[in-house]
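Subject: Structure for your review

Hello,

Here is the structure for you to look through. My notes on helix packing and ring contacts follow below it.

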Amino acid sequence: GVLISFVAYLLIILVVGVITMRWIKGYDDFIIGGRRIGPWVSSFALITSYASGYTYTAAPGLSYTGGWSTMWWSAGDAPGNALSFGILGRRLRKYSELLGAITLPEYYEKRFKSPTLRLLTSIIIISTVSMHLVAQWQASGILLSTTFGTDYLVGLLIGGAVVLAYTLMGGYIATVYTDFIQGVVMFVGTQILFWTALFKVGGLNALNDKLALINPGLVTPWGPDGSYASLIAAASPIILIIMGSFGMPHVTVRHLSLKEPDTARKSMLITGVFVVLFSFAYYMVGAIALVILGPGLENPEASGVMLWFEVLPPAVAGILISAAIASIMSTADGFLMLLVSTIAHDILYRFVIPDAPQEKRIAIARIIAAVLVVISLVVAINPPGGVFTIVMTVFGGMALAFGVPNLFSTYWKRSTATGAIACIVLSLFVYVWFTAAGIKLFGLDPFIVGLIVAILAFVIGSLISQKPDPETERLFEIGTSFGPIPEAFKAK
């Protein structure tokens, strides 16, 4: 029953890839879906891309060891995802169309009139997103090896092969429509697991009683080791998650592909409601696993997967496997398309072969996708850390490098390329340095220090540099206003 459900799911996803392949009419369709993605598909594409393999490995592992203190991480999910549409989505969608930009680095170049900024952000996307892609294959290996008893390498290859297949066929359109299907499967599967497991332990009160017997700190908001005892420590995960939602490039591209700017409002409501119900459940699965499976698991990140077979019939467990694979694939395909668009559109076609015809561009993009999957799978065989460590470190870097510039570029007319470059370079330098050295300045998390540096660098760098020219200011006013883009100002 488990294997049948799982194989059926994979076949459905591949069929979607075949169908969407027919919808590719040109290069813009392959890279950004022709800017015609509606609110429901956009919302679930964002949720599933955001959730990732982290949902079924790292998040349960976090609550398996930390209990209710995990909710500090969950608390940022719904506001972060919803506000990324509500605060950033409408403006970024309209502004990017006005400028004729179909990728985030291209938007930065045209917004700030800086090819240097486009190249810099492209390099950062490639370096950060590549590591995040490695984490998705790593999660796939953990999940499938735990489920079927296969070799870790086999799990990597299955996940990589399926994602590559449908991405090569349908490009961005395939990724968002498969993400929609995967989002539904993830939501339903997670709810089934959570409520079935909670019922088995006797409800929330019984869960708390049993957690307290293992360690009283598991039922406090401060954690077993008191790591969230201070306000700053507790707030840091929330701030990180919210800022990351504004900055993750694979999420930002969902804004660029919206059917129209006002689609963002509908997407905000849909996203907020579903993430509230989804996030709580997938985090607390690990705490329930601690009660049912007992402490001492060799790999806490496998606790959620192991719980499936403890509380669910095989056929239903197969749905959960599909949901977990969905979370991995939905993020991996987003990362893969982002890497392809960055390497192909923002580097090759901008700086190396600008006159390449559309047919050749799509072919090159597909070759790049295949090469990226192979390289990232090789790295994932011996990854540099656990899923949680990789995901959160990269997440923080994305939040600083893109979250702050995204917000300033769409809300502050005085923003300049100097401010954006200073923000990106200085904040990442401080964040990486402090994280690697384990430095906590004044007790602050390295991300919070990096965020302070990012904001100050952006503001000071913009103020000491030359004021934007009248044309840039005029485009800012049109791009961030309500209403359609005047024909006279549409990018040629």
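Axes are lines fitted to C-alpha atoms, for helices over the stretch in contact, and angles run from 0 to 180 degrees between N-to-C directions. Helices (H or I, at least four residues) are DSSP runs, as are strands (E, at least two), numbered from the N terminus. This is a predicted model, in which local features need pLDDT of at least 70 and side-chain atom pairs count only at pLDDT 80 or more, while totals for chains, interfaces and linings use all residues. Residues are numbered from 1 along each chain as its sequence is written, and side-chain values use heavy atoms, with hydrogens and water left out.

The axes of α10 (residues 204-214) and α13 come within 10 Å and cross at roughly 70 degrees. α10 is therefore roughly perpendicular to α13 (65 to 115 degrees; under 35 counts as roughly parallel, over 145 as roughly antiparallel, and the rest as oblique). The crossing is left-handed, meaning that the near helix is turned anticlockwise from the far one by less than a right angle; clockwise would be right-handed. In contact terms (heavy atoms within 4.5 Å), Leu207, Lys210, Leu211 and Ile214 of α10 meet Ala287, Ile288, Leu290 and Val291 of α13. By class, this contact has seven nonpolar, no polar and one charged residues (Ala, Val, Leu, Ile, Met, Phe, Trp, Tyr, Cys and Pro count as nonpolar, Asp, Glu, Lys and Arg as charged, and the others, Gly among them, as polar).

α13 also packs with α14 (residues 303-311), at about 60 degrees and with the axes 9 Å apart. The two are therefore oblique to each other, and their crossing is left-handed. Residues in the contact include Ile288, Ala289 and Ile292 of α13 and Met306, Leu307 and Glu310 of α14.

Next, the rings. The structure holds 20 aromatic pairs (rings of Phe, Tyr and Trp, its six-membered ring, with centres within 6.5 Å; planes under 30 degrees apart are stacked, over 60 edge-to-face, and the rest tilted). One of them is the tilted pair of tryptophan 68 and phenylalanine 280, at 5.9 Å centre to centre and 35 degrees between the planes.

Elsewhere, α11 (residues 231-247) and α19 (residues 446-464) pack at about 55 degrees, axes 9 Å apart. Their crossing is left-handed. Ser236, Ile239, Leu240 and Met243 of α11 meet Phe447, Ile448 and Leu451 of α19, a contact of six nonpolar, one polar and no charged residues.

Regards
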